[in-house]
Amino acid sequence: MQSTHGGAALAITVVVVGLVVRRQLRTRPVRRVGSLITPAVIGVLGVAATAFGVASVVRDRPLTAMPVVLLVASLAVAAGFGVARARTVRVWRDPQGGEVLRKGTTATTGLWVAAGAVHLGLGLWIDHAAGAGILGPASLYAYLAVGLGAQNLLVRRRAAAL
């Protein structure tokens, strides 16, 4: 059964990260509030999914400290990837309209792919440490919310300086 979770986790990670990367590679305006709405919505999904993941573990056994520590470490890693990605996003003022624009680069894409792979590995480690349930894959939305939120905050800061 664990290999089924791993295959499903990989498929979900690939699809979700693919959709996020696709959006990152488009030229789009830097918005004051809009750049935080997506991470907030994903964050709400992340809280719900993580709660579901915890419930899937505690149904069979008590939740120990190790999976929780790994989950927190995973979210810290997500923030680190967000900081790194923010540095790779091009930010400029449109000479015609004066609007501040943003667009991800090849490096941004590479960091998104790496972040997805790292989450997959950490998710499998979390599930191994928990011994039951699907807490690792269920934390994907929380991981995305933290990473995307950190990235967007820093990109907004750079845009405000223009």
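Helix H3, residues 65–88, has 24 residues and spans 35 Å from its first C-alpha to its last, close to the 34 Å expected at 1.5 Å a residue, an expectation computed as 1.5 Å times one less than the number of residues. The model is predicted, so local features need pLDDT of at least 70 and side-chain atom pairs count only at pLDDT 80 or more, while totals for chains, interfaces and linings use all residues. Residues are numbered from 1 along each chain as its sequence is written, and side-chain values use heavy atoms, without hydrogens and water.

**Surroundings of H3**
- Buried residues (under 20% relative accessible area, 1.4 Å probe, protein chains only) of H3 include Pro67, Leu70, Leu71, Phe81 and Arg85.
- The buried residues of H3 pack against helices H2 (34–58), H4 (106–130), H5 (135–138) and H6 (140–160), and against strand S2 (90–93).

**Overall fold**
- The protein contains six helices and three strands, taken as DSSP runs (H or I, at least four residues; E, at least two) numbered from the N terminus.
- Along the sequence, these elements follow the pattern α-β-α-α-β-β-α-α-α.
- Among contacts (heavy atoms within 4.5 Å) between residues at least 6 apart in sequence, 80% join residues at least 24 apart.

**Dimensions and burial**
- Taken along the principal axes, the C-alpha atoms fill a box of roughly 60 × 25 × 20 Å.
- Of the 162 residues, 41% count as buried.

**Charge**
- There are 17 positive (Lys and Arg) and 4 negative (Asp and Glu) side chains, with His and the chain ends not counted.

Key:
Buried means under 20% relative accessible area, exposed over 50%, partly exposed in between (1.4 Å probe, protein chains only). The place of a charge is taken as NZ of Lys, CZ of Arg, CG of Asp or CD of Glu.
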